[in-house]
Amino acid sequence: MVTKSLLQAIAVTAELTQTELSEAAARVMADDLSRYPESQVLAALTKCRKQLKGRLSIADVISRLDDGRPDAEEAWSAVAKALNDEGVTLVTTDEMMQAFGVACGLPDDPIAARMAFKESYARLVAEARDKRTPIAWTASLGHDAGGREGPLLEAVEKGRLPAPYVAKLLPHRDEQINA
């Protein structure tokens with residue numbers, strides 16, 4: 001449902017980005033964006049006002065939705081460790097792992113691997129957001145059992161993995177894992 005506050009935010013953002021929108025175009029944009037949680041859309045419009053140097057588009061807003069998926073740089077930082085070390089434990093999303101598969105094809109060129117990952121990840125995230133696919137975090141346990149605790153506990157702390165699930169992955173811990 002299109003709300004008055006959403007229409008107003010679109011109008012203000014359009015004006016501040018020097019984008020001319022007819023009332024009909026603003027309503028279509030609002031209708032397209034109303035598929036997403038309004039708080040996320042309003043926050044994305046705020047980012048657009050601060051970041052855009054050109055005209056406003058629906059894609060600009062959708063790309064700035066905060067649905068819990070990390071941006072491409074953070075996602076790359078999370079998976080890049082595994083390029084040369086299969087012993088590390090990763091906590092990733094489906095999009096991160098698919099893009100990582102592309103990067104793995106370029107092990108001898110870390111710059112090309114990073115660029116391929118970022119391009120693939122951005123496309124996959126855009127597709128997931130367009131389909132309104134909820135984020136799904138998973139743990140990929142590396143060979144180094146001693147290195148699992150840090151990434152898994154951090155994932156619980158950030159709300160990415162549930163504490164009972166992580167507790168099963170760390171059976172050696174005596175104390176309870178809290179979210």
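Student: Which residues of helix α6 are buried?

Tutor: This is a predicted model. In it, helix α6 covers residues 94–104, and its buried residues are E95, M96, A99, F100 and A103.

Student: Where do they sit around the helix axis?

Tutor: Looking down the axis of α6, the buried residues fall within an arc of 130°, so they line one face of the helix. An α-helix has 3.6 residues a turn, so residues three or four places apart point the same way.

Student: Switching to aromatics. How many pairs?

Tutor: The count is 2 aromatic pairs. In one of them, the ring centres of W76 and F117 are 5.2 Å apart with the planes at 50°, so that pair is tilted.

Student: Which helices do W76 and F117 belong to?

Tutor: W76 is in helix α5 and F117 in helix α7, so the pair ties together parts 41 residues apart in sequence.

Student: Are W76 and F117 buried or exposed?

Tutor: W76 and F117 are both buried. F117 also pairs with Y121: the centres are 5.6 Å apart and the planes at 10°, so this pair is stacked.

Student: Where is Y121 relative to F117?

Tutor: Both are in helix α7, 4 residues apart, about one turn of the helix. Y121 is buried, as is F117.

Student: What do W76, F117 and Y121 form together?

Tutor: One aromatic cluster.

Notes. Residues numbered from 1 in each chain as written. Predicted model: local features only at pLDDT ≥ 70, side-chain atom pairs only at ≥ 80, totals over all residues. Heavy atoms only, no water. Buried < 20%, exposed > 50% of the residue type's maximum accessible area, 1.4 Å probe, protein only. Helix = DSSP H or I, 4+ residues; strand = E, 2+ residues; numbered from the N terminus. Arc of directions from axis to C-beta. Phe/Tyr/Trp six-rings, centres within 6.5 Å; stacked < 30°, edge-to-face > 60°.
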